Amino acid sequence: MGRWRRPAWQMYLAFCAVIVVIYYAVPVDQVKTVLVGTIGLSAAVAIAAGVRRHRPLVRWPWYLMAAARACFALAEIVYWIQTFAAGGDVFPSYADFLYISFAVMMAIAVVGLVRARRPGKDLPGLLDALVLSTGAAMLSWVFLIVPYVRDDTLSPLARAVSLAYPVSDLLVLAVLARLVTGRGDKPPAFRLIVASVLAMLVADVGYALLELTIGYQAGNIVDLGWLAMQALGGAAALHPSVTTLSRKSPPVAEAAAPRGRVAALAIASLMAPAVLAIEWLRGMPIDVPVIVLGCAVLFLLVIARLDGLVRLTSKALRAVEEQATTDQLTGLANRRRFHDRWASALGESVGPTALLYIDLDGFKPVNDAFGHEAGDAVLVAVAERINAITRAGDVVARLGGDEFAVILPWTDDATADTVAERILETLALPFETPSRQVYIGASIGIIRATSGAHPDSELRRADAAMYAAKAGGRNRIHRDEEAPVEHLSR
């Protein structure tokens, strides 16, 4: 029989579906009161049970959601009791305080999930959420807020309570947008909780629009949104993936926004002119301060988002360029960057530029005898030793294999010889490898080139000077058209 058992979250959704069917099938207000209270309290119990069973890393947002749903259920019960007692709708009432408290508690709980999932600063996600929320606030102003602001029949308390509903919904929408646009996995529990909050917001908007037009009647299709909100919230906590929902997402490189989000941001950015058009077409007074403020906020948010994208693109381009011009093993300039810097030095320099062309002696036997791991260790150490000798403006490059080069701008013959001697001395010291200590040497060809010289021709001179040093006995220096300079330390 065990194989026929359904997961707890599916069983709970089935239980809620039965309640929804009864709710719409039985047109008795007292029955509806019991049903909405039952589904609300059951959602609170389901969330608490799911948290105790699955033990997510961060639990307080879920317990707050459970309390919020119990608060909503209590608000429904109070609303119906006041309606029965007064023979009609009572506004404002204690139920309104409970409804608004529910929205605030939900917003705080969602903020808790956002903070639990966030590995660090996520400015793009925050900016996207602010753009979406600002766009929604502009629409809410026209359809949900302005009618109450300009209704002279409302008392100050009634107006304040009426305005608190759309404002609290905007708060919930803002934190929901922050959750959706943030980083982290989006398991089934994530989708269930997002769907739950969206169902609530849709129901609230539908209720507000009905109240402003034909009036709301219990049993309306709008009620389905609140019932779904409770059912989906309970199912989210009962789903096993709730454990990953509050887990910190691994740090990832900032990436461009998905196409769907870009489309949503574009629509939200057009809300300010859309509000202006709506008010003009409906013959309403133009809310210049609100529209100007909305335009300014959206403009600044979009500019900040674009600045982030430009920085991201620039950073990516720099990384690609760095990878394309850097030797991955040693971190030195590779052959491509060397040729660029060599041509630049000869094309722009007004003084002499020296070039050291270095080929390691005895490296191949080390690589063959002890393996590539030992050979790589020697190459890395060679790069570090040469870098330690050269100046900040010099260019040290690995041309490939065991060949290196050093460009010395504004350098005379004596200084170039001194640098080459120091390189020979430091490369004559032992190298540590994973296997044992090894010894190598180097043959160095030196040339001095003047501004305007042909880079390829000068490079061939340096290469010939290096081979002349090897032919002269290795571990020595050879200057082009000059006698080899012995390594004086030996």
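**A bent helix**

Modeller: Gladly. Start with helix 5, which bends by about 55° at Trp-141. Keep in mind that this is a predicted model.

Colleague: How far apart are the end C-alpha atoms of helix 5, and what would a straight helix reach?

Modeller: Helix 5 covers residues 123–149, 27 residues in total. At 1.5 Å a residue a straight helix would reach 39 Å, but here the end C-alpha atoms are only 34 Å apart.

Colleague: Which helix packs with helix 5, and at what angle?

Modeller: First the general idea: an α-helix has 3.6 residues a turn, so residues three or four places apart point the same way. In this model, helix 11 (residues 271–281) packs with helix 5 at about 15°, and their axes are 9 Å apart. Angles under 35 degrees count as roughly parallel, so helix 5 and helix 11 are roughly parallel to each other. Their crossing is right-handed. On the helix 5 side, the contact includes Met-138, Trp-141 and Val-142; helix 11 contributes residues including Ala-272, Val-275 and Ile-278.

Colleague: Is the crossing of helix 2 and helix 8 left-handed or right-handed?

Modeller: That crossing is left-handed. The axes of helix 2 (residues 29–54) and helix 8 (residues 223–238) come within 7 Å and cross at roughly 15°. By the cut-off we just used, these two helices are therefore roughly parallel as well. Among the contact residues are Val-36, Gly-40, Ala-43 and Ile-47 of helix 2, together with Leu-227, Gln-230 and Gly-234 of helix 8.

Colleague: Now the sheet. What is the order of its strands?

Modeller: In general, strands of a sheet pair through backbone hydrogen bonds, either parallel or antiparallel. Here five strands form an open sheet in the order 2-3-1-6-7, with mixed pairing. Strand 2 (395–400) and strand 7 (477–479) are at the edges with a single partner strand each, so one side of each has no neighbour in the sheet. On average, neighbouring strands are turned by 20° against each other, direction ignored.

Colleague: In which sense do strand 1 and strand 6 pair?

Modeller: Strand 1 (residues 353–361) and strand 6 (residues 441–449) are antiparallel, with nine bridges. To find one of them on screen, look at Leu-360, whose bridge partner in strand 6 is Ala-442.

Colleague: And which helix packs on the sheet?

Modeller: Helix 16 (residues 413–427), touching strand 1, strand 3 (403–409), strand 6 and strand 7. The direction of helix 16 makes about 165° with that of strand 6.

How values were computed. Residues numbered from 1 in each chain as written. Predicted model: local features only at pLDDT ≥ 70, side-chain atom pairs only at ≥ 80, totals over all residues. Heavy atoms only, no water. Helix = DSSP H or I, 4+ residues; strand = E, 2+ residues; numbered from the N terminus. Expected span 1.5 Å × (residues − 1). Bend = angle between axes of the 7 residues up to and from the residue. Pairing = 2+ DSSP bridges. Axes fitted to C-alpha atoms, helices over the stretch in contact; angles between N-to-C directions. Contact = heavy atoms within 4.5 Å. Parallel < 35°, antiparallel > 145°, perpendicular 65-115°, else oblique. Left-handed = near helix turned anticlockwise from the far one by under 90°.
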